[in-house]
Amino acid sequence: GDTASITYHNKKYYYKIVNIYTDKKDGTVTVYRDETKNCLTLITCTKDDDTTQTIYIFELVNIE
């Protein structure tokens, strides 16, 4: 149920999280998302693990 919002050119874009997964930290990442939807992808280090990165996939739900 987590959400994210981004303001760009005086519009606010609201996203909801739809997937969280980890991938090996090797300089590349595989992004699993629905290509028919507008998505926001966040890639970050995995807490307490130097060998993986965590990928968060958000889908657009609203623009104001």
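How many residues lie between β1 and β2 in their hairpin, and which turn residue has a positive phi?

**View 1. The hairpin of β1 and β2.** Two residues separate β1 from β2 in this hairpin, and H9 in the turn has a positive phi of about 50°. The model is predicted, with local features needing pLDDT of at least 70 and side-chain atom pairs counting only at pLDDT 80 or more, while totals for chains, interfaces and linings use all residues. Residues are numbered from 1 along each chain as its sequence is written, and side-chain values use heavy atoms, leaving out hydrogens and water.

**View 2. Strand β1 beside strand β2.** Strand β1 (residues 3-8) and strand β2 (residues 11-24) run antiparallel and are joined by six bridges, where strands are DSSP runs of E with at least two residues, numbered from the N terminus, and two strands pair if DSSP finds at least two bridges between them. The bridge partner of S5 in β2 is Y14. Among the six residues of β1, the count of buried residues is zero, buried meaning under 20% relative accessible area with a 1.4 Å probe, protein chains only.

**View 3. E59 in strand β4.** Residue E59 belongs to strand β4 (residues 49-63) and is buried, with a relative accessible area of 11%. Residues up to four places away in sequence aside, E59 touches, among others, Y14, V18, D34 and C39, a contact being heavy atoms within 4.5 Å.

**View 4. Q53 in strand β4.** Q53, which also lies in strand β4, counts as buried at 12% relative accessibility. The side chain of Q53 reaches the backbone oxygen of T28 at 3.1 Å. Leaving aside neighbours within four places in sequence, the contacts of Q53 include Y21, K25, V29 and I43.

Terms used. Buried means under 20% relative accessible area, exposed over 50%, partly exposed in between (1.4 Å probe, protein chains only). Helices (H or I, at least four residues) and strands (E, at least two) are DSSP runs, numbered from the N terminus. A polar contact is a pair of N or O atoms within 3.5 Å; within protein, one must be able to donate a hydrogen and the other to accept it, and residues adjacent in sequence count only if both atoms are side-chain atoms.
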